[in-house]
Amino acid sequence: MNQRTPTVGTDPIDALRTAVTGSISVPGEPGYDVATPWNVAVPVRPRAVIAVENALDVSATVRFAGEHGLKVAVQRTGHGAVPLGDDVLLVHTGRLTECLIDPDTRTARLGAGLVWQQVIDAAAPHGLAPLAGSAPHVGVAGFLTGGGIGPLVRTYGLSSDHVRAFDLVTGDGDLLRVTSEQHAELFWGLRGGKATLGIVTAVEIDLVPLPHFYGGALYFDGADADAVAHAWLDLCAGLPEHSSTSLAFLQLPPLPGVPEPLAGRATVAVRFASVAGEAESEEILGALRTVATPILDGIGTLPYTALGAVHADPVDPMPVHEHSALTRELTHDAIDVLLSVAGPGSHSPQTIIEMRLLGGALAREPRHRSAFCHRDAAFSLFVSGVLAPPSADVVVAHIQVIDRALAPWATGTSLPNFTATSDPDRIARTYDDDTAHWLGALADEHDTHGVLRVGQVVRRPR
Ligand SMILES: Cc1cc2nc3c(=O)[nH]c(=O)nc-3n(C[C@H](O)[C@H](O)[C@H](O)COP(=O)(O)OP(=O)(O)OC[C@H]3O[C@@H](n4cnc5c(N)ncnc54)[C@H](O)[C@@H]3O)c2cc1C
């Protein structure tokens with residue numbers, strides 16, 4: 001229900017209140033706060049928040065925006081929030097919570113308002129698993145439209161390679177079912193193009209039979225960073241596709257939820273996830289265990305419902321500055337450089353600096369090609385710094401130090417899911433030229449008024 005009685009003639013938004021089933025909130029009204037993103041450092045202050053109940057609400061919102069010269073953006077959790085101002089109507093998908101698991105076909109139909117842990121928990125009783133990301137509180141639609149790199153990415157490939165269908169509302173307000181056969185060009189572009197081609201209201205995905213996996217994280221004292229990081233790089237060389245891994249330099253604050261041995265000090269985490277059994281996995285991890293003794297050993301056979309334990313990403317909203325990059329390779333020299341500018345003892349202000357090994361199934365083009373680019377990258381760098389005293393001022397500037405240091409190995413590109421921005425130049429670097437061209441052309445075709453020309457989208461200059 002809407003929160004206030006419309007006063008005809010005072011605000012054009014009032015006309016929209018009669019056209020949608022969901023609720024509409026302008027600043028100061030109950031419900032507006034749902035727009036507050038997970039990354040609270042990003043100013044998300046739209047003209048109104050439309051908590052949509054269904055795809056028709058999205059269509060009505062988009063058409064209304066087209067008629068009134070407004071833009072429309074979409075948000076679920078705000079893990080990838082971009083700044084939005086009062087020329088924007090924000091579609092919030094949190095009420096789109098349909099979750100149908102079909103154990104016979106090993107598929108799921110998911111409302112765009114679900115977060116991964118909800119899907120993981122619904123599929124688990126059937127021994128099935130969705131290919132979620134490292135943070136289970138991320139939204140399914142935002143994650144999948146950005147490609148989706150999960151803790152088991154080298155085994156199963158990109159999560160969006162396992163999408164069967166999207167329900168989409170285009171910028172023109174059309175409701176489309178998009179599959180590899182229906183609107184195939186949109187099916188290509190939605191897997192990687194984020195919200196460029198429209199607002200997803202539901203998605204159908206394949207599930208994999210995976211009740212358990214072997215993995216978790218080994219945490220080491222910062223003093224062992226040198227030995228651990230080099231041993232990890234050796235582990236990466238020739239790692240079979242049944243296993244995925246990442247390395248993270250951590251400086252976690254002493255906050256509730258942060259394990260005591262990791263709080264308020266520099267540590268190093270080796271994350272590992274494998275569909276191989278304990279014996280094979282431990283053989284791979286053996287060398288790491290000989291170079292240093294973990295201060296926390298979180299590796300074992302885990303139920304898939306505990307997937308979030310691999311990265312143990314922060315859950316609660318916080319003000320962060322994020323940065324990402326891709327490398328074509330990572331040598332021992334590169335590890336030394338990374339240690340010197342971002343490792344323990346380097347006076348880095350960053351909270352998390354992570355290198356994920358890519359490759360494996362991710363590197364192969366899927367049967368149905370997509371707009372996800374840079375499959376040939378070897379490693380993904382992700383940096384996250386908390387914008388709070390005492391390090392807030394230096395967090396942003398320090399990114400340049402990391403970038404300069406890693407330049408000899410970097411590709412100059414990044415991945416859409418790790419590049420939350422509305423800067424066209426940075427968005428362009430998440431695609432190759434052909435992909436950016438076709439995404440822009442398709443966007444113009446399906447959004448003739450430019451309603452969706454806001455946020456992390458690929459558009460051609462007007
Ligand atoms: C702590 C943390 C861990 C992460 N781990 C991973 C990871 O392991 N792998 C990975 O691939 N990514 C990861 N990400 C990135 C994450 O997948 C993206 O930020 C993703 O966009 C979040 O989706 P959301 O809907 O939760 O966020 P939101 O901020 O709500 O949405 C972000 C963007 O996603 C798009 N979007 C959202 N909903 C829709 C929709 N219904 N239709 C069309 N487009 C939509 C829009 O472009 C929107 O601006 C991580 C991010 C954080 C902060």
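R106 lies in the loop between β5 (99–102) and β6 (107–111). The model is predicted. In it, R106 has a positive phi of about 50 degrees, although R106 is not a glycine. Most residues other than glycine have a negative phi. At 41% relative accessibility, R106 counts as partly exposed, because that class runs between the 20% limit for buried and the 50% limit for exposed. A312 also has a positive phi, near 50 degrees, and is likewise a residue other than glycine. This alanine is found in the loop between β16 and β17. Its relative accessibility is 47%, so A312 counts as partly exposed.

The UniProt record, an unreviewed entry, places the feature "domain: FAD-binding PCMH-type" at residues 42–210. Over residues 42–210 the chain is 23% helix and 28% strand. The end C-alpha atoms of this stretch are 36 Å apart.

An open sheet of 4 strands was found, with mixed pairing. The strand order is β1-β2-β4-β3. Its edges are formed by β1 (23–25) and β3 (71–75), and each of these strands pairs on one side only. Neighbouring strands of the sheet are turned by 25 degrees against each other on average, direction ignored. The pairing of β3 with β4 (residues 88–92) is parallel and runs over 5 bridges. Within this pairing, K71 stands opposite V88 in β4. Helix α2 (residues 55–68) packs on the sheet. The helix touches β2 (48–51), β3 and β4. Its direction makes about 175 degrees with that of β4.

Aromatic contacts were examined next. A pair of aromatic rings is described by the distance of the centres and the angle of the planes. The structure holds 5 aromatic pairs. One of them joins W116 and F143. Their ring centres are 5.5 Å apart and their planes lie at 80 degrees, so the pair is edge-to-face, the cut-off for this class being over 60 degrees. The pair links distant parts of the chain: W116 belongs to helix α3 (residues 116–123) and F143 to helix α4 (residues 140–145). The two residues are 27 residues apart. W116 is buried, with a relative accessible area of 0%. F143 is buried too, with a value of 7%.

A further pair is formed by F213 and Y304. Here the centres are 6.2 Å apart and the planes stand at 75 degrees, so this pair is edge-to-face. F213 counts as buried at 3% relative accessibility. Y304 is buried, with a relative accessible area of 4%.

A charge also sits over a ring. The charged end of R191 lies over the ring of F187, 4.0 Å from its centre.

Leaving aside neighbours within four places in sequence, G298 is in contact with G215, G216 and A217. G298 and A279 are 19 residues apart in sequence. In space, their C-alpha atoms are 16 Å apart.

Methods:
Residues are numbered from 1 along each chain as its sequence is written. This is a predicted model: local features need pLDDT of at least 70, side-chain atom pairs count only at pLDDT 80 or more; totals for chains, interfaces and linings use all residues. Side-chain values use heavy atoms; hydrogens and water are left out. UniProt positions are given in the numbering used here, feature names are shortened, and annotations may be inferred rather than shown by experiment. Rings of Phe, Tyr and Trp (its six-membered ring) pair if their centres lie within 6.5 Å; planes under 30 degrees apart count as stacked, over 60 as edge-to-face and the rest as tilted. Buried means under 20% relative accessible area, exposed over 50%, partly exposed in between (1.4 Å probe, protein chains only). A charge sits over a ring if NZ of Lys or CZ of Arg is within 6 Å of the ring centre and within 35 degrees of the ring normal. Two strands pair if DSSP finds at least two bridges between them. Axes are lines fitted to C-alpha atoms, for helices over the stretch in contact, and angles run from 0 to 180 degrees between N-to-C directions. Contact means heavy atoms within 4.5 Å.
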